[in-house]
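Here are my notes on the model. Please read them beside the sequence and the coordinates.

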Amino acid sequence: MKVFELTYEQLQALHIATNHEFFKCGVEDENGNDNVVPTMTQRGDKYLYGVDRFTQRFPEIDISGLKQITFVAEETI
Amino acid sequence: MRTPFIDTHVFKHPNIPWGDFQDNPLNYSPDLLLDASDVNANIIDSSGVDDRNVAIIDQSLGMSETNVYTQNTSLTVDGWNDGTNNMTITGGNNGISIGGVSKDNVLKGVCDAGTNLLKVFKNTFLTASKSYSSDLYIYIPSDNNVIKGVALQMGNATVTSYNNIDGSWYLIENYKGVPANTKFNVFLTDASGDSTPSLDCDGDIVYMAEVSTNSINGSHFTQVTEASRGLQDSATAPTKITYDGVADFSDGSLSVASFSGMDKGSIIGIFTSTASQYYVALTDPSVSDKYFAVGVSSSKPYLWVYESGVVSQLTATDPVDVGSVFEWSSNGSLTTLKINGVSVDITIVAGSNGGQWISTVTSVDNMVISRLELLSTTIYRSTIFKHLMIRSTPLTDAESLTYANYLISKHNL
């Protein structure tokens, strides 16, 4: 499965591009700014999210600048 | 209703106790009962699977609903407001009649927004993560210039549109949602369904009456973040919920305390894939390595009991066919595994088999499907979820057979 490997800044940009709804966990600071709460797999300082699922939901959003990798699940337990 | 059990599955279990066959899992008095194939136990809106607005209802509490709001705008606006002052709204409008239908105590909104966003909303009567069902009447006069429909939204969940409903009292029935916050929004929309109309809508009128919102009891496994919802395979005839292993999970909002004290019992599910999965995981994410989980690892059903380190890690000794019913049980001193209602050998991968169960892991306060939330890491697994039943009393051998056959029949395994 192809996933985006996103920086926090890229994740926030997608959050804004999707009208603050798709990735939102509902945390808003005292200044009214949305804070993305990670609800996805983190690898180091990167956030992973399925490419197909995102592009099917938001075909109009330009993803050409986002890095894509093949997802390999962790088997740590 | 008792169902004559005449199909090929009987050949798997020639000892099935025919006379005791029960097709209602509630007869087993489960402490938790989730099933992905019951359309009534999953909340999805009418536009289909893409919305993924899934809340798996805990049927052990039944499927009843409790009213949390009934519109009372006989004198006031009853807490409804337009937020951005783009409408003038009033209560106490009586005798609003069209098509021979007349309604009293109606909320009336007159647009004054130009081409700005139009909505009315009521706050604070919803609880985030619970599931709700609403009925309401909308009347949009057909001589409105711009406003022709509405769109409903609970919290920031997916918007459901009702376009071009002008000209009569229109009943919106059984609108369902899983809000991420406490707000119920009613957007006003133009002929194209846009809530920021392209033409000046000033002077257009909308009436709303008899809003009734119910909380769906047993609404225990939800996901308010759209990007993290599992996918249901069908809106009308679902069989499973698929979690992608990257971001998806269903979060239990129930009282984990009712499970954390269980020192014995049974957990039954369907072995849906040899890929690694978490059908359910109870953890204490504030402490390292504290969890109780049922799932799949190394291509077999797996049971993990960790209490600041491994206590018990068990699996089936022999390969198990995908599509089998598994049942982990503990009597408090020994854990056993049944496949399709029949006992099979267990291999102790680590630790011991002393019947360690949920209470072995002290202070679990987190209960989810498809992910394991630990102190130092969160692990997602691509889980195919069909069924989960937890009971504090282990099933008897006869009950195990009948329950397994019930699931085999229900899920066409």
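1. Polar contacts between the chains. The interface of chain A and chain B holds 6 residue pairs in polar contact, both residues at pLDDT 80 or more. A polar contact is a pair of N or O atoms within 3.5 Å; within protein, one must be able to donate a hydrogen and the other to accept it, and residues adjacent in sequence count only if both atoms are side-chain atoms. On the side of chain A that touches chain B, β5 (46-50) and α2 (51-57) of chain A each supply at least two residues. That side divides into 10 nonpolar, 3 polar and 6 charged residues. Here Ala, Val, Leu, Ile, Met, Phe, Trp, Tyr, Cys and Pro count as nonpolar, Asp, Glu, Lys and Arg as charged, and the others, Gly among them, as polar.

2. Basis. This is a predicted model: local features need pLDDT of at least 70, side-chain atom pairs count only at pLDDT 80 or more, and totals for chains, interfaces and linings use all residues. Residues are numbered from 1 along each chain as its sequence is written, chains are lettered from A and ligands numbered from 1 in the order in which they are written, and side-chain values use heavy atoms, with hydrogens and water left out.

3. Salt bridges and extent. The rule finds 2 salt bridges across the interface of chain A and chain B (a side-chain nitrogen of Lys or Arg within 4 Å of a carboxyl oxygen of Asp or Glu). One of them joins the side chains of R53(A) and D248(B), at 2.5 Å, N to O. In all, 19 residues of chain A are in contact with 27 of chain B (heavy atoms within 4.5 Å). The two chains bury about 2000 Å² between them, 46% of it on carbon and sulfur atoms. That is accessible area (1.4 Å probe) lost on being put together, summed over both parts.

4. Three-stranded sheet. Chain B has an open sheet in the order β16-β17-β31, with antiparallel pairing. β16 (231-232) and β31 (384-385) of chain B stand at the edges with a single partner each, so one side of each lacks a neighbour in the sheet. Strands are DSSP runs of E, at least two residues, and helices runs of H or I, at least four, numbered from the N terminus. Pairing requires at least two DSSP bridges. β17(B), residues 241-242, pairs with β31(B) over 2 bridges. T242(B) has I384(B) as its bridge partner.

5. Strand β1(B). L32(B) and L34(B) point one way, L33(B) and D35(B) the other, and all are buried (under 20% relative accessible area; exposed is over 50%, partly exposed in between; 1.4 Å probe, protein chains only). β1(B) pairs antiparallel with β32(B) over 4 bridges. L33(B) stands opposite M389(B).
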